Amino acid sequence: MFLNTVLVVLTDLAARFLGSTVFRQHFHLLLSAVLMFGPALSFWVSQHSVFARRSHFLYRMFLRSGWGWTCVFVGSFVFLLSFSIRRSLSLSMRHLSRLGVAGGLWLGFCKLLDLLENATGSCYEPLAANPEVANGPLLVLREGESKSVCLKAGMLWRGYEVSEDVFLLCLCCLLLAEETAVFGPYLNLGGISDAPLRIIFLFCVLLLGLWIFLLLCLLAYFPQFPTQLLGGALGCLSWRVLYQGWYRLGPSWCCPGRPGLGLLNTKTSSAEAENPKLIHDHCN
């Protein structure tokens, strides 16, 4: 009973915060500020910290599988919420298709970025360090090598690069914020929220906090300007094209619609009559 009370209190507070107009309208600005000024943290953090090693557990366990973790928790939340309201598998699949669209966009951009880096980069073979060279070992250009072959051979690849890690983290943060924002209005309309749905929602909130923390770690311990800034800008652009552009066209065979559309506005007619502004504000 005590744990259930704690769960209800925590999820209610998180839902109210994520569903607030201030958060939804300014979260992307917060991410932009983090991307702009986050590398300045490198002047204060210690390079001997456990987070300064790329082999750290959080990087290996979560960052390399970031999209998978996001799909598991967000997909579970979206399905449970939509199916518990309408009991319609087709409607639930329509809302889940937003994850598929975002995943396809992410994979497409990653392929394009790989092609760009292969087209603009070059492979260099480091020679033994020369004591007369103050800037370190000499680099000999190796022509005709692809990035994958170059790196497998233990050589260096230099080219135009966009941080895919920062791109993924920014996209996942904005996606989590959009998809979980419907829970607050849903609770305000008197929606049924059992323990499984609240637990999944809490995991989504924790995952959002983890992605923000890992983003700060990358910017502070592994600053790479402007590649990280470009990656973040690409993530924000993807979010704006999808959630602020395409999904606002309304549900159709070629558009899954916005989060909450067809769910919040199909609660009981009395709830709609009492809270029309709430539904309108969220859907817009």
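At what angle do helix 5 and helix 7 pack, and how far apart are their axes? In this predicted model, helix 5 (residues 89-120) packs against helix 7 at about 165°, and 11 Å lies between the two axes. That angle is over 145°, the cut-off for the term, so helix 5 runs roughly antiparallel to helix 7. The crossing of this pair is right-handed. On the helix 5 side, the contact is made by R98, L99, A102, W106, F109, C110, L113 and D114. Helix 7 answers with E164, F167, L168, L171, L175 and E179. Sorted by class, the contact of helix 5 with helix 7 comes out at 10 nonpolar and 4 charged residues, with no polar ones.

Helix 7 has another partner to look at. Spanning residues 164-180, helix 7 also packs against helix 9 (residues 195-221), this time at an angle of about 150° and with the axes 10 Å apart. Here too the angle makes the pair roughly antiparallel. The handedness is another matter: helix 7 and helix 9 cross in a left-handed way. From helix 7, the residues that meet helix 9 are D165, V166, L169, C170, C172, C173, L176 and T180. Across from them in helix 9 sit F201, C204, L207, L208, W211, I212, L214, L215 and L218. By class, this contact of helix 7 with helix 9 has 15 nonpolar residues, along with 1 polar and 1 charged.

Next come the empty spaces inside the model. Rolling a probe the size of a water molecule over the atoms is a way to find where such space is left. How many cavities of 30 Å³ or more does the structure hold? The count is 2. The largest cavity contains about 70 Å³ of space, and its lining is made up of F23, R24, F27, H28, L174, A177, E178 and W239. Two elements, helix 2 (21-37) and helix 7, each give two or more residues to that lining. Helix 2 provides the largest share, with 4 residues. The lining of the largest cavity splits into 5 nonpolar, 1 polar and 2 charged residues.

The second largest cavity has a volume of about 50 Å³. Around this second space are F77, V78, L81, S82, R98, E179, V182, P259, G260 and L263. Helix 4 (residues 66-86) gives the largest share of this lining, again with 4 residues. By class, the lining of the second largest cavity holds 6 nonpolar, 2 polar and 2 charged residues. Two of its names have already come up: R98 and E179 line the second largest cavity and also take part in the contact between helix 5 and helix 7.

Finally, a couple of spots in the backbone deserve a look. Most residues other than glycine have a negative phi, and most peptide bonds are trans. Which residue has a positive phi although it is not a glycine? That is R87, with a phi of about 55°, and R87 is found in the loop between helix 4 and helix 5. As for the peptide bonds, the one joining F225 and P226 is cis, with omega at about 10°. P226 belongs to the loop between helix 9 and helix 10 (227-243).

Definitions and conventions:
Residues numbered from 1 in each chain as written. Predicted model: local features only at pLDDT ≥ 70, side-chain atom pairs only at ≥ 80, totals over all residues. Heavy atoms only, no water. Axes fitted to C-alpha atoms, helices over the stretch in contact; angles between N-to-C directions. Parallel < 35°, antiparallel > 145°, perpendicular 65-115°, else oblique. Left-handed = near helix turned anticlockwise from the far one by under 90°. Contact = heavy atoms within 4.5 Å. Nonpolar A, V, L, I, M, F, W, Y, C, P; charged D, E, K, R; others polar. 1 Å grid on protein atoms, 1.4 Å probe; cavity = no way out; pocket = protein on both sides within 12 Å on 5 of 7 lines; lining within 4 Å. Points joined across faces, edges and corners; volume = space filled by probe spheres on them.
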